[in-house]
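Here are some notes for a colleague who is opening this model. Please keep the view at hand while reading the points below.

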Amino acid sequence: KNEKPRAEKMAEGGSAVASSSSERKIFLHPLAIITISDHFTCIESGASVKPRGSKVLGLLWGKQQGLEVSIMDAQELHYTLGDDGVPVITAEKVNSQKDLYTEVYKNYELLGWYSVGIDADGKDMAVHREMTKYNESPFFLLMHPSPDPEASDLPISLYESKMVMGADDTPTIVFVTSEFQLQTMQAERITMERIAKATPTDGVASLDLHINSLGASLRTLNLRFDALLAFLKATKAGEVPTDYRLLRQVSSICNQLPAVDTAELKGDFITEYNDMLMVNYLASVTKSSASLGDLIDKHSAVVSHHRHRL
């Protein structure tokens, strides 16, 4: 039977969602997922210029060869809100980001856009129509803001747009869901393993533990300085007997602390800071070289095994 395709579910705002029969193979990489999650976290935590609760909106980048599409990366996109609450995207902003991004990643192209929400709605369809100016068939990636912790699937939906016949036999553009596969490269696997190892089993990151420990030490040091300052003030006012031995110890400590506004101290500090940056840079280069060496060994082993089979 040659039946007309119809929308299966109407989302809020009149934007329909239908099933997809696309033959394209779509691969989603972890870097794009982490970038979108980080963008949403920054807004909700107040670390963004956007107020809490603002719509998360950005661009998707990747490669497309024939029927294979790889969504490799994501990038935040600046927008303003119109009178109807629909995000307004200017061509100047999109083209500027596109030129800057493709200047660095010459083999990447703009594949679509992303947002965070429960369901696709009419506002998303308005943004999607705007994105067709930069890609004839853009993807729309929607991440759920509060996924089920027990769920086994990623809280991500990927959509394309399609022309269907509505209930009154009028053509309508709707979102159609697209199947995708999670794909990782060697560098991404190394990064994900590093992140996983940096998080203890109780869910607290090692960096948070270090910062909390450092903060507790600074608070304790501040309390001891307050006690020492109170003792010196009381000694000067004659409220407590003068303890010359203790005063000599305080004087010895003060003499070990140079004046903070001297050129010599600033020069030593800058030198030490630059040395620390250089050490960190060399450590990063060493780790990258070791990872590259492992990858070359694995590639050589696979190629050698393939030749033996031939």
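Where is Tyr 273 found? Tyr 273 sits in helix H7.

Two remarks on the source come before the points. The model is predicted: local features need pLDDT of at least 70, side-chain atom pairs count only at pLDDT 80 or more, and totals for chains, interfaces and linings use all residues. Residues are numbered from 1 along each chain as its sequence is written, and side-chain values use heavy atoms, with hydrogens and water left out.

1. Tyr 273 is partly exposed, because its relative accessibility is 41%. The cut-offs are these: buried is under 20% relative accessible area, exposed over 50%, partly exposed in between (1.4 Å probe, protein chains only). Patches take residues with over 30% relative accessible area and no salt bridge; nonpolar side chains (Val, Leu, Ile, Met, Phe, Trp, Tyr) are joined within 5 Å, like charges within 9 Å. Areas come from the Shrake-Rupley method with a 1.4 Å probe, and for residues only the protein chains shown count as cover.

2. A negative patch. Glu 264, Asp 268, Glu 272 and Asp 275 gather on the surface as a patch of negative charge. Asp and Glu count as negative, Lys and Arg as positive; His and the chain ends are not counted. Each charge is placed at NZ of Lys, CZ of Arg, CG of Asp or CD of Glu. Asp 275 belongs to helix H7, which covers residues 263–309. Asp 275 counts as partly exposed because its relative accessibility is 45%.

3. Ser 288. This residue is also placed in helix H7. Its relative accessibility is 48%, so Ser 288 is partly exposed. Ala 187 is 101 residues away from Ser 288 in sequence, yet their C-alpha atoms are 9.4 Å apart.

4. Salt bridges. How many salt bridges does the structure hold? There are four. The term means a side-chain nitrogen of Lys or Arg within 4 Å of a carboxyl oxygen of Asp or Glu. One pairs Arg 24 with Glu 160, with 2.3 Å between the closest N and O atoms. Arg 24 is in the loop between strands S2 (16–18) and S3 (25–28), while Glu 160 is in strand S10 (residues 156–165); the two are 136 residues apart. Both Arg 24 and Glu 160 are buried.

5. Two further bridges. Asp 124 and Lys 55 also form a salt bridge, the closest N and O atoms being 2.8 Å apart. This pair links distant parts of the chain, 69 residues apart: Asp 124 in helix H3 (residues 122–131), Lys 55 in the loop between H1 and strand S4 (57–65). Asp 124 is buried because its relative accessible area is 2%. Lys 55, at 23%, is partly exposed. Lys 106 and Glu 103 meet in another bridge (3.8 Å, N to O). Lys 106 and Glu 103 are both exposed.

6. Helix H1. Residues 30–45 form this helix of 16 residues. From first C-alpha to last, H1 reaches 22 Å, close to the 22 Å expected at 1.5 Å a residue. The expected span is 1.5 Å times one less than the number of residues. Buried residues in H1 include Ile 33, Ile 36 and Ile 43. Gly 46 follows H1, with a positive phi near 85°.

Conventions
Helices (H or I, at least four residues) and strands (E, at least two) are DSSP runs, numbered from the N terminus.
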